[in-house]
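Biologist: Thanks for sitting down with me. Could you bring up the model so that we can go through it together?

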Amino acid sequence: MPKTHHRKLRSILSQIPILLAASAIALTSSNLSAQTSAFGPDNPFYAPSKLPFQAPPFDKIKDADYMPALEAGITQQLEETRVIADNPAPPTFENTIVAIEKSGQLLTRVMGAFNGVTGANMNPVLQKTQDQITPKLAALSDAINLNPKLFARIQKIYDERHSLNLDPESLRLVEYDYLQFVHAGAKLSDTDKAALKKINEEEANLSNTFISKLLAATKEAAYATKDKSALAGLSDAQLAAAAQAAKDHKVEGYVLPLQNTTQQPILLFLSNRDTRKAVFENSWSRAERGGDNDTRATIARLAQVRAQKAKLLGYPNYAAWKLEDQMAKNPQAAIKFMDDLVPQTTAKAAGEEKDIQAIIDAEKGGFKVEPWDWEFYSDQVRKAKYDLDESQTKPYFEVNNVLHNGVFYAAHLLYGLTFKQRTDIPVYNPDVQVYEVFDVDNKHLALFYCDYFKRDNKNGGAWMDSFVGQSKLLGTQPVIFNVANFPKPAAGEPALISFTDVTTMFHEFGHALHGMFADTEYPSLSGTAVPRDFVEFPSQFNEHWASYPEVFQNYAKHYKTGAPMPPELAAKIKKAATFNEGYIFTELVEAAELDMQWHTISPDAPLQDPDNFEAAALKKTGFNLSYVPPRYRSSYFMHIWGNGYAAGYYAYLWSEMLDDDAYKWFEDHGGLTRANGDRFRKMVLSRGNTEDPEKIYDTWLGGKPNVGPMLEDRGLEPSAPSK
Ligand SMILES: [Zn+2]
């Protein structure tokens with residue numbers, strides 16, 4: 001399995017400078033004031049919380065409290081922005097840049113709690129509040145980003161920044177603010193601003209069209225049959241689920257719904273080759289069947305509109321605009337990085353193909369392996385080569401034990417942290433646990449909430465976010481939460497999880513550490529407020545400690561007997577980690593290259609034919625394996641057309657290069673030691689976005705990141721260092 005990368009976006013406030021207005025709703029403080037009259041001292045968000053660390057008072061917050069508090073927060077932010085912009089005094093760092101940092105504290109306070117409960121504990125009232133507030137937040141960001149008086153002040157400070165005697169973090173903030181405003185179009189003439197607004201609207205509309213077409217297309221392309229024998233290989237439970245899905249789709253027989261990815265996990269079980277082929281082809285062509293749900297015209301236009309937007313903003317293509325504030329800086333760097341991965345990953349996949357073809361030939365199959373055969377036969381290879389049964393390992397991974405003796409233990413050894421459970425802090429659901437985190441000298445560092453069990457009112461996946469972010473300027477300390485979706489045991493039973501879930505706990509806690517160790521003045525630069533191609537680095541880095549012997553032996557103990565996991569079982573987990581990685585990595589790199597090809601189209605290029613474009617893009621980047629299609633085909637690549645990852649899918653791979661490279665540094669310098677941990681905390685984890693992440697990384701490493709350790713970790717041949 002690829003590593004999990006799930007993190008919720010930061011609160012809306014920190015996104016304001018980067019949130020491009022998708023909404024055309026005009027918003028002024030006057031037309032909101034009428035609705036905010038219900039907001040007063042009896043609202044629990046009215047004043048900062050009196051709980052430790054200003055933790056949200058969930059015992060007092062009612063669902064109905066959010067809407068008036070959010071509206072009052074928006075009004076307050078607008079008014080504060082107006083005062084800053086209209087200030088008759090000449091612009092200074094204090095009266096403009098710092099004033100912006102201090103603004104909107106009510107909205108930040110509400111959004112922290114609101115993001116938490118809407119993600120992990122949703123209900124109809126909250127859903128309605130979210131639907132109503134989303135366009136207002138978009139309009140708020142518009143009102144700030146495109147305020148010419150406000151930008152004129154920032155521009156002046158930016159121009160004079162080197163003569164203002166600013167400390168490095170303050171200087172970084174000036175440059176950061178300036179770039180966010182320029183990116184959003186603040187420098188454009190009024191005519192061009194109007195043009196940009198139109199382009200943004202068309203982009204948002206196309207994106208929404210894509211999302212709804214794809215949802216319908218994916219549902220419609222589910223494989224349906226009345227012939228039970230076509231489904232040979234499925235278990236009784238899987239057949240029952242397929243029969244239920246048929247009822248939901250209002251058809252007779254059985255239905256196999258499609259997953260988002262090209263490959264369909266159900267193919268692993270289907271022994272009938274014709275069925276496998278049909279399921280796969282439904283997946284591959286789901287959004288290319290002509291008719292209402294065909295997305296090809298939509299994405300072709302979307303790519304063109306984005307290129308035109310880049311041109312308007314003064315960039316050669318969309319990716320150049322998008323990557324300017326990322327660690328990679330420009331599309332060439334990201335593309336070079338990916339191009340270098342192609343030979344190794346395709347070679348590994350070709351090796352896996354040989355293993356699979358050997359099984360097919362031994363069975364006298366009489367065919368060459370095709371994408372629809374891969375899951376089915378690779379599972380036979382897995383059983384033959386890496387027999388690992390999760391029911392054998394799970395008793396060694398009881399969730400609280402993993403948390404205390406694994407996740408917390410590693411943080412204690414590396415950074416000297418200690419943890420104490422707090423049962424007096426109110427929570428939004430009884431499943432949530434709260435810990436106070438103490439620093440080396442027993443100083444109060446942070447609050448950490450964890451909400452690990454699946455509920456049907458919770459979003460899927462796992463993520464980290466904060467109720468309160470760290471800032472010396474605002475005098476706030478971090479209040480962080482992790483959410484996951486592990487199966488909840490019956491009352492009185494232990495919660496036993498898979499090693500994948502264990503890895504997820506370490507991953508999300510890596511984000512948590514990034515938030516907890518934040519030690520910055522300004523909230524905009526604090527903790528996890530870093531570029532997308534850097535943010536998964538601390539989390540993926542923390543995953544490595546899950547299998548570090550000293551840590552693993554401390555938590556991998558049988559929940560009943562306390563006996564350590566037998567070494568041969570632990571060895572199987574380790575060995576299985578690189579199984580099928582050639583395929584998995586190739587399909588990921590293909591998708592990331594496709595994304596970058598689409599977003600480096602020239603603004604003057606004609607409308608593309610998506611199928612021709614995709615085939616040419618894959619050929620151009622050196623992919624020639626018929627049996628490994630991209631993880632997402634262009635016509636159903638939700639991340640880049642619908643989910644804000646345009647020109648950003650490479651970030652997963654980029655962060656992975658950093659985390660594997662960083663772990664290698666630890667291995668080369670004595671492994672898990674306090675000295676190594678403290679150095680990493682001081683030079684990386686505490687720094688947020690206070691310096692260019694590339695410089696932060698290079699300074700800590702003493703060089704440039706090397707892609708070799710990632711290839712090794714994936715079980716691919718290590719390459720020569722990239723130039
Ligand atoms: Zn993550």
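Biologist: Which spacing do the donors of the zinc ion follow along the chain?

Modeller: A word on sources: this is a predicted model, where local features need pLDDT of at least 70, side-chain atom pairs count only at pLDDT 80 or more, and totals for chains, interfaces and linings use all residues. Residues are numbered from 1 along each chain as its sequence is written, and side-chain values use heavy atoms, with hydrogens and water left out. Donors are N, O and S atoms within 2.8 Å of the metal (3.2 Å for Na, K and Ca), and because water is not among the atoms, sites may look incomplete. Along the chain, the spacing of the zinc donors reads H-x3-H-x24-E.

Biologist: Which residues coordinate the zinc ion?

Modeller: The coordinating atoms sit at 2.0 to 2.1 Å from the zinc ion. They are NE2 of two histidines and OE of a glutamate, namely His507, His511 and Glu536.

Biologist: Which helices hold His511 and Glu536?

Modeller: This pair links distant parts of the chain, 25 residues apart. Helices here are DSSP runs (H or I, at least four residues), numbered from the N terminus. His511 lies in H19 (residues 499-516), and Glu536 in H20 (residues 532-543).

Biologist: Is Glu536 buried or exposed?

Modeller: Buried means under 20% relative accessible area, exposed over 50%, and partly exposed in between (1.4 Å probe, protein chains only). His511 has 0%, so His511 is buried. Glu536 has 5% relative accessibility, so Glu536 too counts as buried.

Biologist: What share of the 723 residues of the protein chain counts as buried?

Modeller: The same cut-off of under 20% applies here. Across the protein chain, the buried share is 58%.

Terms used:
Helix = DSSP H or I, 4+ residues; strand = E, 2+ residues; numbered from the N terminus.
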